[in-house]
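Please inspect the sequence and structure below before reading on.

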Amino acid sequence: CNHFFGYSLLLSLPRRMFTALSRACRRVPSARLISTITIAGHKETIIERSDYPVEKCRDILGKEVTAVIGYGPQGRGQSLNLRDQGFNVIVGVKKDYSFENALKDGWVEGKNLVSIEEAAEKATVVQYLVSDAAQVAVWPTLKKYMTKGKALYFSHGFGIVYRDQTGIVPPKDVDVILVAPKGSGLTVRTHFLEGRGINASWAVHQDFTGKAKDRALATAFGIGCGHMFETTFEQEVTSDLTGERCVLMGLLQGAFKAQYDVLREHGHSPSEAFNETIEEALCSLYPLVAQNGMDWMYANCSTTAQRGALDWAPKFEAALKPVIEQCYQSVKAGKEAARAIAANSAPDYHIKLTAELKAMAEQEMWQAGRVLRPLRPENAPKKK
């Protein structure tokens with residue numbers, strides 16, 4: 001209202017009139033343009049919550065029934081957020097541990113917790129959120145229920161992009177859309193509960209109804225996303241698989257272990273090696289980088305740290321870029337997809353995975369972490 005009335009004039013109004021005017025102003029939708037950003041000459045459109053407020057999302061999906069297939073991290077986070085925001089959502093899972101977890105979260109068997117087949121049949125928007133390997137196995141069942149006008153929703157481009165390996169080829173008379181949160185399903189849920197939201201990419205692979213974009217974005221903000229940037233299924237899966245193998249997890253684990261081992265081999269204690277490698281990075285520096293950027297970090301550290309980082313960063317870049325390029329090309333060629341499908345579909349997959357994870361957990365640096373993390377002040381026992 002301040003755009004239409006001077007602030008001092010508003011304050012001079014009788015209280016009853018001020019209240020009535022304030023309510024009236026809240027009913028007037030604010031005009032707003034969707035954001036266009038330019039980075040290094042590259043223009044992108046960013047869509048924010050204010051472009052798709054939850055009321056608008058409910059209107060778009062008003063008569064839709066959304067079925068979340070799978071109750072792993074993404075299935076759980078996205079379905080609970082949709083439910084909490086008042087959308088018509090059901091969950092379809094097998095009767096296994098996922099089913100039991102859904103019951104614990106308040107889903108009701110026979111009402112909004114049903115079999116995969118029943119959920120897919122009832123739904124108009126099918127969120128296909130089982131694992132990539134499970135998508136291959138479940139698709140012959142699911143595709144029978146993908147009838148004309150429905151929407152098939154993914155949070156990862158894997159199944160569609162590598163269709164020659166997955167066999168996932170949707171019918172031509174359905175919408176095929178993607179919303180890919182930039183974080184785990186747990187983060188999707190916790191950010192939502194904290195009133196924050198997580199950023200995500202979106203894409204339309206197939207628009208049969210003419211409503212695919214709205215269906216995607218309404219669901220995106222329904223699951224609590226913060227802002228959205230457009231991509232393609234191909235770009236999403238290539239960047240995502242490369243990121244997981246490199247700076248998000250694989251490279252990070254490799255770098256942590258390399259530095260920890262070097263320090264230990266030269267006589268540093270486990271606690272010193274852990275603190276200088278992992279604790280300081282994760283608890284002190286990385287949060288500042290997340291808030292302000294690495295450029296800010298360089299400008300606000302000691303001159304000794306600054307000089308060393310400026311000198312050594314190009315050496316690490318030169319050493320790492322060829323490895324990351326090799327990883328990217330392996331992803332692009334479908335080799336990583338083939339590896340993931342073969343490994344995750346093997347009958348002894350869980351036995352081998354358990355052994356691999358056990359070996360990582362037994363690495364000395366993570367043993368040190370389990371001992372040292374409880375010593376953080378915030379983890380100290382509360383005084384009674």
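Which residues are linked with D175 in a network of salt bridges? The network links E64, D175 and R215, where a salt bridge is a side-chain nitrogen of Lys or Arg within 4 Å of a carboxyl oxygen of Asp or Glu. This is a predicted model, in which local features need pLDDT of at least 70 and side-chain atom pairs count only at pLDDT 80 or more, while totals for chains, interfaces and linings use all residues. Residues are numbered from 1 along each chain as its sequence is written, and side-chain values use heavy atoms, leaving out hydrogens and water.

**Salt bridges**
- The structure holds 15 salt bridges.
- R215 pairs with D175, the closest N and O atoms being 2.9 Å apart.
- Both R215 and D175 are buried (under 20% relative accessible area, with exposed over 50% and partly exposed in between; 1.4 Å probe, protein chains only).
- E118 forms a salt bridge with K122, with closest N and O atoms 2.8 Å apart; E118 is partly exposed at 30% relative accessibility, and K122 is partly exposed at 42%.

**Cysteines**
- The structure holds zero disulfides (pairs of cysteine sulfur atoms within 2.5 Å).
- The sulfur of C246 lies 3.8 Å from that of C327, the closest cysteine sulfur, which is too far for a bond.
- C246 is buried, with a relative accessible area of 7%.
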